[in-house]
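Hi everyone, thanks for coming.

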Amino acid sequence: MNSQMLISGHLLIDGTGNPPIENGAVLIENGIIVAVDEKYKLENLVRKEDIIFYPESVLIPGLIDSHNHLSIDPNLDNYLSRMDDRESELTIRACYTMKTDLYSGVTTSRCMGDRFFLDVACKKAVEEHRIPGPRLLVATRGIRATHAHGFVGLPFDGPDMIRLAVRENIKAGADLIKFYLTGTVRKGEKIPYYLSEEEIKTIVYEAKSNGLKTAVHCIGGKGLELCIESGVDIIEHGYYLTDYEISLLENTSTWLVLTPGEFFEDKENLSPDKNEAFRKDRAEVKERLKAIINSKIKYAVGTDGAHGCLAKELKHLVDAGATEMDALKAATLNGAKVCGIEDKAGTLEVGKYADIVAIKGNPLDDITNLAQVKIVIKQGNILFQG
Ligand SMILES: [Zn+2]
């Protein structure tokens, strides 16, 4: 790693929501940002050979995928069932998908459930520079009831078994606790939930007493109210939130992680009936997403395993009424807040990790420009140049 480096572009968006800086630059020392300013004010502080200038590029903070699964690969036939593949296959897959994520500008990934604690091994291997990938926050095993949804989750029933599952996850190295409460697509008018209040409270108690946040796969319904009352920190997906449920969330400290692509894009590797299940509610879910975007709900965004496609998720947010700046914040500052690392990542500010992406074109003019990644820097290391 070069101990000192200045990277500059024709525009810099720091991710705080502040206006962009023309000809902005970031001065990096030992992987940490030490100054952010116009290039001409900083270029005399470093040797000429340590200046990287991308005159056609816009600098943004490294992106944060707030809902990911390392071993889901939508390029595989029937990919959800492929979560049952053997450990060696899933681990190799994870090494591949992490690289795809990193090269698309994702420098932090919040992993919301994988089998065999492979996310813990991947996190360590990335930290030790043995394999390329984003910085990982890992939920390890997703916890679900026997009769519940959750291809990635594993079954645990009753407070005693659930308590043990949470404690085992923590012992294995979990950074947060993830559980599945509802399905992904509503069946009928009501949204069933599959864990009791006592089970939910057990998860929250065990996680909180170990200083960990809890996150729940929940699309809405009575289960959502139970989670809010029980002190769950983050709701994942929220596809079918009613106006009443939106107002509940607006008045709590609970965050929502949006994963719109799951509903809005047909998937050629899923069966026609699975695709149809998503398609039939697409208009309703779009209308709900607009209501969420227009509310005061605090939200971040994730791909749910659509590796390399975070830019597409942001496009869905913009299509639902988010400003380009708010969409970008969902994948930077807000992602860092959901991960609890906002003091270290998520914006280009002094004292934070030098996680920087240079992209061709301005994402504030057209959010799809985020897909044109020119360089990815993580903690001061150049890990990709396109
Ligand atoms: Zn997921």
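Which helices each supply at least two residues of the lining of the largest pocket? They are α2 (87–103), α8 (261–264), α9 (272–280) and α11 (310–319). Before going on, a word on the numbers: this is a predicted model, where local features need pLDDT of at least 70 and side-chain atom pairs count only at pLDDT 80 or more, while totals for chains, interfaces and linings use all residues. Residues are numbered from 1 along each chain as its sequence is written, and side-chain values use heavy atoms, with hydrogens and water left out.

Helices (H or I, at least four residues) and strands (E, at least two) are DSSP runs, numbered from the N terminus. A pocket is an open set of points on a 1 Å grid over the protein atoms alone, where a 1.4 Å probe fits, with protein on both sides within 12 Å along at least five of seven lines; lining residues have an atom within 4 Å of a point. Its volume is the space filled by probe spheres set on the points, which are joined across faces, edges and corners.

Back to the largest pocket, then. Its volume is about 930 Å³, and 46 residues line it, with Tyr 79, Leu 80, Glu 262, Lys 267 and Phe 278 nearest its centre.

The second largest pocket holds about 270 Å³. Among its 15 lining residues, Val 126, Glu 127, His 129, Lys 378 and Gln 379 lie nearest the centre. Helix α3 (118–127) and strands β8 (135–138) and β18 (381–385) each give at least two residues to this lining, and α3 has the largest share, with three.

Strand β8 also belongs to an open sheet of three strands, ordered β6-β7-β8 with parallel pairing; strands pair if DSSP finds at least two bridges between them. Because β6 (63–68) and β8 stand at the edges with a single partner strand each, one side of each has no neighbour in the sheet. Strand β7 (residues 106–111) pairs with β8 over four bridges, and Thr 108 stands opposite Arg 135 in β8.

Finally, what coordinates the zinc ion? His 67 (NE2), His 69 (NE2) and Asp 304 (OD) do, at 2.1 to 2.2 Å. His 67 is in β6 and Asp 304 in the loop between β15 (299–301) and α11, so this pair ties together parts 237 residues apart in sequence. Donors here are N, O and S atoms within 2.8 Å of the metal (3.2 Å for Na, K and Ca), and water is not among the atoms, so sites may look incomplete.
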